[in-house]
Structure formats: C-alpha cells, structure tokens
Amino acid sequence: MNVAQCLTRGQVLGLPRLEAQILFLHAMGRSLHDRAWLLAHDTDEVLPAQLEAFEALAQRRLQHEPVAYIVGYKEFFGLRLTIDKRVLDPRPDTEVLVEWALACGEGLERPRYLDLGTGSGAIALALKSQLPAAEVLAVDCSADALSLAAQNAHNLALHVSFQQSHWLSQVQGKFNVLVSNPPYIEDHDPHLAELTHEPLQALASGPDGLQDIRNIVQNGPNHLEVGGWLLIEHGWNQAAAVRALLEKAGFKQVQSKFDLAGIERCSGGQK
Ligand SMILES: C[S@@+](CC[C@H](N)C(=O)[O-])C[C@H]1O[C@@H](n2cnc3c(N)ncnc32)[C@H](O)[C@@H]1O
C-alpha cells in the first residue's frame, strides 16, 4: 500500500480524514504538522509494519480514545502540553476563557490568578505564558492531574504554583481572577458512556451538571479581591443557569462569552 491508500484505509475504517492524517503521521514517526509531506509523498510505499502500527492506532481511536492520549500531547494557546489519561485534553474552546481571564488582569501590575480544576495545567500555563509578571496558583483534587500539570510547567519553564484542594477548601488568600473549567456534564448524560478513557471526576457533576459550579460560585467571593472576576466554562445549555447562580451570589456585570462555534460557553461576574 502507498501513503494515499493508507489514508483511504483509515477513512474506510471510520476515521475522519484529519484524524487519519494525524494518526498516520504519528505511526510514521513524523511531526503531526507535516501534513504537506502526506501530499508530496502520496505514492510512497508504506512498509507492512508501518501499516500495522497505523491500523493499531486507528483501532484505539475507533474505541473513542482521544487523539491527544494516543499521540501524547496537545497544543493549547501555542503551548505543547503532555497529555495522558490522568487529565482531559484541553479544547480550543477553552482559549476563549483564557482570553477573557487575560483581559480581566489588564492594567494590574502583578495580577493574582487561581485556576480551579487545572487538569493538564492548560489554563494556568497559558495565563503565565502571556503574563509573566502574574502570580498563578492552580489547584485540582487529583494528585495524578497535578503531577502531570507540574511536569508540563517544568517542560515549559513556566513558574506556576500547584496545590491539591477540593475546589477552594484548602486555598488561602485572595485573587484578582478565579478561572475554572470544571466538570459540567450531567451524571446520566448518555454521552458519558463513550467517554470511558477520560477520568470521570473531570467530566460529571451531579444530576444537573451544576454541582461543582455551584460550589465554586458560592465560595468564590471569599477568595476574590473587590473588583475581581470569577470566570467559569460550562455546557452549551448552561449559560442562563450559571448567570442566575452568579447573580444570586451577588456578582455584578454578569455576562457570558461565545465559543468558536457561537455557543455561550463561559460566564462570569465581578465582585
Ligand atoms: C473539565 S476538566 C478541566 C481541565 C483543564 N482545566 C482544562 O481546561 O483542560 C476538570 C478538572 O477539575 C478537576 N476537579 C474535579 N472535581 C474537583 C474538585 N472537587 N476539586 C478540584 N478539582 C476538581 C478534575 O480533576 C479535572 O482536572
């Protein structure tokens, strides 16, 4: 088989074209950015062992394993993050939350940020990479997630502090911006059945998916400076509910922001 035939084979197995290309490049030991190589070499013969390796990766993906777990990393806000099954892979939509958090810190000489439920460290590390003067603390309840986040911070030479905490329970002090992409899927959402590779504590949040958001909104004000912002990512249909929680907790300027697909994806308010 040649390169083009292998890619067609991936699609016949059920992979979207882009995923077939990425997994094929990974099987060939090439950079995942090397898609131009695929075009330039589409008639090159592929060794049987390489085809076998590609088909094995394709089968993992067809069993719903995230591409980032298979290739071992994901790019987020221009940072290359090591990713494995200890954490969720960061999604491009979360970059909207980071942009908003950066805007909230504008004008402050040394803004203090707290990332709640940091997972791979994606949000905290993106903030620190953009605002080197900022103080960034990142917490998670999962020791496994924190060890991967700390590894990412080390690899990127970004100084972020990490702490194990059930949301804000172990956190001391006040911050200018609290930012969180917490679990927000309803416990009985049928989509959870497909997400068997991801850590469940990163996904599900009570019968209405809002259990963790309620906790963060209730306790957030105790850890915010006056004028500080709480920004939360949530599900596609949760914006109105999250705004209502923020208003009930006394936040001002409560508003939502749209993700890249035009969905209200994060909501926040000011103390
Ligand atoms: C949806 S993931 C987000 C990961 C990362 N911030 C991102 O945007 O890619 C939610 C994270 O919240 C963490 N988490 C879940 N329950 C928590 C709790 N009670 N206290 C602290 N972190 C929690 C999970 O371990 C997981 O890393």
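Which residues are linked with Arg91 in a network of salt bridges? The network joins Arg91, Asp93 and Glu233, a salt bridge being a side-chain nitrogen of Lys or Arg within 4 Å of a carboxyl oxygen of Asp or Glu. The structure is a predicted model, in which local features need pLDDT of at least 70 and side-chain atom pairs count only at pLDDT 80 or more, while totals for chains, interfaces and linings use all residues. Residues are numbered from 1 along each chain as its sequence is written, and side-chain values use heavy atoms, with hydrogens and water left out.

Because Arg91 sits in the loop between β2 (79-82) and α6 (94-104) and Glu233 in strand β7 (residues 224-233), their contact ties together parts 142 residues apart in sequence; helices (H or I, at least four residues) and strands (E, at least two) are DSSP runs, numbered from the N terminus. Glu233 is buried at 1% relative accessibility, as is Asp93 at 15%, whereas Arg91 is partly exposed at 32%. Here buried means under 20% relative accessible area, exposed over 50%, and partly exposed in between (1.4 Å probe, protein chains only).

Turning to another pair, Arg110 and Glu135 form a salt bridge at 3.4 Å, N to O. Arg110 belongs to the loop between α6 and β3 (112-116) and Glu135 to strand β4 (residues 135-140), so this pair ties together parts 25 residues apart in sequence. Arg110 is exposed at 51% relative accessibility, and Glu135 is partly exposed at 32%. Across the whole structure, the search finds 13 salt bridges.
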